[in-house]
Amino acid sequence: MTPWSPLNGIPEEIVARAARVRLACFDVDGVMTDGGLHYSDQGHEAKRFHVMDGLGLKMLLESGMHVAVITARDTPAVANRMRDLGIRHVFAGVADKRACMLDLAAELGLGVEDVAHVGDDFPDLGLMGTVGFAVAVANAHPLIAQVAHWQTARAGGHGAVREVCELLLAARGLLGAAIQRFRG
């Protein structure tokens with residue numbers, strides 16, 4: 001039996017792209033959530049985030065990788081969740097995600113080849129066509145899947161972000177150390 005690894009079955013070209021990543025960018029609705037919007041009678045919006053995704057993001061941060069959230073919607077739920085996770089680079093209400101990423105990459109001294117973006121729908125299109133490693137979640141629009149370098153097995157809001165985090169860590173040889181701290 002082959003030992004578990006997120007790199008099992010992943011083409012070498014994809015592993016090489018993932019190994020370059022120093023800035024991992026994520027959309028929210030449809031990527032970190034299942035895309036559903038829940039409104040109370042008072043108009044308050046609620047979102048459901050997957051706890052496994054959160055741990056994956058924390059492991060990326062602890063490994064020294066930059067993590068950013070770039071989303072077209074601006075809601076308190078996103079700000080609260082990202083604060084809980086310790087994600088500093090949160091850009092909400094963004095009309096031009098590509099320009100936002102380019103500004104952040106320049107600020108961090110990174111080229112576009114050092115950036116990954118995980119998306120699911122048309123607002124991610126320009127950004128995904130620019131980065132060195134474009135990832136579509138399993139339930140992404142077919143056009144997004146077509147421009148992506150890789151597509152997750154899991155759907156957005158159901159562990160897709162964790163899948164990406166483990167791939168990025170494994171490609172850089174950092175997953176074992178990230179897991180070791182849980183062994184006690």
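Strand E6 (residues 115–119) runs parallel to E7, and four bridges join the two. This is a predicted model. One cavity of 30 Å³ or more is counted.

**Strand pairing around E7**
- Gly-119 has Ala-136 of E7 as its bridge partner.
- Ala-136 also stands opposite Gln-151 in E8.
- A right-handed β-α-β unit is made by E7, helix H6 (residues 142–147) and E8.

**Side chains of E7**
- In a regular strand, side chains alternate between the two faces of the sheet.
- Strand E7 spans residues 133–136.
- Phe-133 and Val-135 point one way from E7.
- Ala-134 and Ala-136 point the other way.
- All four of these residues are buried.

**The largest cavity**
- Rolling a probe the size of a water molecule over the atoms shows where empty space is left.
- The largest cavity holds about 40 Å³ of space.
- Its lining consists of Met-32, Phe-49, His-50, Asp-53, Gly-54, Leu-57, Arg-81, Met-82 and Leu-85.
- Helix H2 (51–62) supplies at least two residues of this lining, and so does helix H3 (76–85).
- By class, the lining residues are five nonpolar, two polar and two charged.

Definitions and conventions. Residues are numbered from 1 along each chain as its sequence is written. This is a predicted model: local features need pLDDT of at least 70, side-chain atom pairs count only at pLDDT 80 or more; totals for chains, interfaces and linings use all residues. Side-chain values use heavy atoms; hydrogens and water are left out. On a 1 Å grid over the protein atoms alone, a cavity is a set of points where a 1.4 Å probe fits but cannot get out, and a pocket is an open set with protein on both sides within 12 Å along at least five of seven lines; lining residues have an atom within 4 Å of a point. Grid points are joined across faces, edges and corners, and a volume is the space filled by probe spheres set on the points. Ala, Val, Leu, Ile, Met, Phe, Trp, Tyr, Cys and Pro count as nonpolar, Asp, Glu, Lys and Arg as charged, and the others, Gly among them, as polar. Buried means under 20% relative accessible area, exposed over 50%, partly exposed in between (1.4 Å probe, protein chains only). Two strands pair if DSSP finds at least two bridges between them. A crossover is right-handed if, with the strands pointing away from the viewer, the path from the first strand over the helix to the second runs clockwise.
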